[in-house]
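Q: Got a model open here and want to go through the charged residues and the chain contacts. Can you take my questions as they come?

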Amino acid sequence: MTEDRRITEIVVAGSGLVGFSAAAMLKRKIPGATVTVVGTAPADALSERIHATLPSVVGFHADLGLEEAQVLMGTGAAFRLGTLFEGWSDKRPGYVHAYGEVGRSLGVTPFHHHWVRMAQESAARGKPAPFDSHSPAAMLGRGGRFVHPQGDPDSPLSTYEYGLTIDPARHRE
Amino acid sequence: MKADSVQRIVVVGGGTAGWMTAAALVKLLPRRVDVRLVESEAIGIVGVGEATLPHIRAFNERLGISEADFMAATRATFKVGIEFNDWGAIGDSYVHPFGAFGHGTGSVDFHQYWLRLKQACVPVPELQELSMGVQVARQARFALPSADTSSIASTFGYAYQFDATLYAPFMRKVAEEAGAVRTEGRVVGVTQHPESGDIASLTMENGEVIEGDLFVDCSGFVSLLLGKTLGEPFEDWSHWLPNDRAVAMPCKTATALTPLTTVTAMPAGWRWRIPLQHRTGNGYVFSTRFISEDEAATALVAAVEGTPMADPRLLKFVAGRRARSWVKNCVAVGLASGFLEPLESTSIYLTQIGITALIELFPEKEISAVDRDEFNRLVDLEYDRIRDFLILHYHATTRNDTPYWDYVRTMSIPDTLADKLELFRKRGRVVKYREGVFLDASWIAVYLGQGVVPEGHDLRADGPPLDQLQRGMEHVKAEIQASVASMPGHREYLERYCPMTEAM
């Protein structure tokens, strides 16, 4: 692109969490552009009322050059490893959808195939433990515990990611 | 699924597809299948496919095949990329390597920084000098890629070049040792179940009737089961890929033993040169709309580097694929399912992914349409993406020296390719695929090698200062040179690692 075709002025309409997030990232990544945020946050915006985020938020903050400790102290955010779904499946217990691997592949076959086979052939051996009990992230979450993913690729503690539970108003500030 | 339901699989046709299929089925599904392969010595195999893609290593590993044994038995050499000569314009030469440009990491693609420097008219090494794979290939060196991902020596991959007439017998040994049964003879009839139309049995020339639950059609271009019996229509792509013949001939190797397949554009097609341990394979892939078979054979003989070791051999084909590769209880693998010219060594790859998809979606006796549809989706996607990639090599040219090149330069192309080309021309952006064989680095190598130069680049590459980037590029170039210089020569490596067993 030749210099005179570059965009140099960006206006972000809406000063809620979404608006400021976009403005911050654009300012950081588009060299030489001014970014102006105008207008108010929408009064009943969904993004101002939802507290759960996905692991992508961790990368987003890092891309903005924010230190995680800085974010947590400044916003009072907490870690989240996944979501517990209670009562969604009629006769079945609650299950956790966690952000990470469940079990380990055996050879080239993904873990869940082996689990399904055990579940189908359970008559002789008894049912296998619930699927999510094989997920390190789910078990940490159920136990109300947290550690950062760590260790070498063989360690179960290296196989998951985490998001944040945020207070949108403080996050926006 | 009951553990005792063993399925009877009948594979029609030996050759590379048939024996790869039989070997994989018996080794990977040992208690689930009974595999019988029928082939006739009277029917020749195509057996010209000589260069491969890195995926074949995973296939061999899964079957427990030792690399050194396999390379010695098939008289193989290593392949680190393909050299394209005279494609964008006469005199052009570029390598499409297996591997990345730069270190291949980072959220902004390496080539974007390179584009920025070029567009700012800052002196910078050519992108070919910033690829480990290209330099290993061009300097005829070889060593196994490093497992240390922080090292530049980990940023390339490799495949093999081998004698295709030896690969099928090698796989046959693997298959028979694992329990596959071979039947010699010709198929003269096929019977179908009256209601479902599923294939019930084959009738052999000697009267034997062979029943099966699942039939794998590896009968080659004739597509005896899928095409002839079940009548599956063929999608003809010859308006985009006009080549319809290949004339092949081996010769004595008279120039360097490169870990490279060389592909040179010709007046009405292109010529391959593939060095093996015992000889060099050559072929002229051409279009009879623009040149006669005799003229092509003459041109090939005149062009080869060393003494011919056999007469030129002619093969006919049509570019395209069957609408579906799996219909009822018949799965076509290899040439029976479709064909794309070997410009990017994709034939054995397409055979391999058909086999892998079949094993991962392996049916019960009652075949579920969901499995079959997913198989077809995967196979069709691979064919269509490769087709677009091949068309790019032809269409992105400035050549106007023969009617053939005028045709491919001006023909209309699939929308899927036109969209991708436009995206790249604008700012060097490559569509990110999760499936399919050719990923970003391959598309970039060919776009830039064929002279498709973007007008712009990813703005995120504007972050670092220009002089820092320029120094970084020079550093990568030097790193690569040092790493390549520390490798043994390709021939030397082969002699130590996997020398072929008989002298030729």
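Q: Which helix of chain B does Lys420(B) lie in?
A: Lys420(B) lies in helix 12 of chain B, residues 415-427. Helices here are DSSP runs of H or I with at least four residues, strands are E runs of at least two, and both are numbered from the N terminus.

Q: Before we go on, what are the ground rules?
A: This is a predicted model, where local features need pLDDT of at least 70, side-chain atom pairs count only at pLDDT 80 or more, and totals for chains, interfaces and linings use all residues. Residues are numbered from 1 along each chain as its sequence is written, chains are lettered from A and ligands numbered from 1 in the order in which they are written, and side-chain values use heavy atoms, with hydrogens and water left out.

Q: Back to Lys420(B): buried or exposed?
A: Buried, at 7% relative accessibility. The cut-offs: buried is under 20% relative accessible area, exposed is over 50%, partly exposed is in between (1.4 Å probe, protein chains only).

Q: And what does Lys420(B) touch?
A: Leaving out residues up to four places away in sequence, Lys420(B) touches Asp388(B), Val431(B), Tyr433(B), Trp443(B) and Tyr447(B). Contact means heavy atoms within 4.5 Å.

Q: Switching to salt bridges. How many over all chains?
A: The structure holds 35. The rule wants a side-chain nitrogen of Lys or Arg within 4 Å of a carboxyl oxygen of Asp or Glu.

Q: Why do such pairs form?
A: Side chains of opposite charge can pair when their charged atoms come close.

Q: What does Lys477(B) pair with?
A: Glu129(B), with the closest N and O atoms 3.3 Å apart. That pair links distant parts of the chain, 348 residues apart. Lys477(B) sits in helix 14 (residues 466-485) of chain B. Glu129(B) is in the loop between helix 4 (110-119) and helix 5 (132-138) of chain B. Lys477(B) is partly exposed at 26%, and Glu129(B) is partly exposed at 26%.

Q: And Arg324(B), what is its partner?
A: Glu232(B), with the closest N and O atoms 2.9 Å apart. Arg324(B) is partly exposed at 39%, whereas Glu232(B) is buried at 5%.

Q: What about Arg399(B) and Asp401(B)?
A: Their side chains meet in a salt bridge, 2.8 Å from N to O. Arg399(B) is buried at 6%, but Asp401(B) is partly exposed at 40%.

Q: Which residues are linked in a network of salt bridges?
A: One network links Arg8(B), Glu211(B), Asp213(B) and Lys365(B).

Q: Now the interface. How many residues of chain A are in contact with chain B?
A: Seven, and they meet nine residues of chain B. The two chains bury about 670 Å² between them, 57% of it on carbon and sulfur atoms. Buried area is the accessible area (1.4 Å probe) that two parts lose on being put together, summed over both.

Q: Which residues form a salt bridge across it?
A: Asp462(B) and Arg6(A), with the closest N and O atoms 3.0 Å apart.

Q: How confident is the predictor about chain A?
A: Chain A averages a pLDDT of 86, and 95% of the residues score at least 70. pLDDT is the predictor's confidence in each residue, from 0 to 100.
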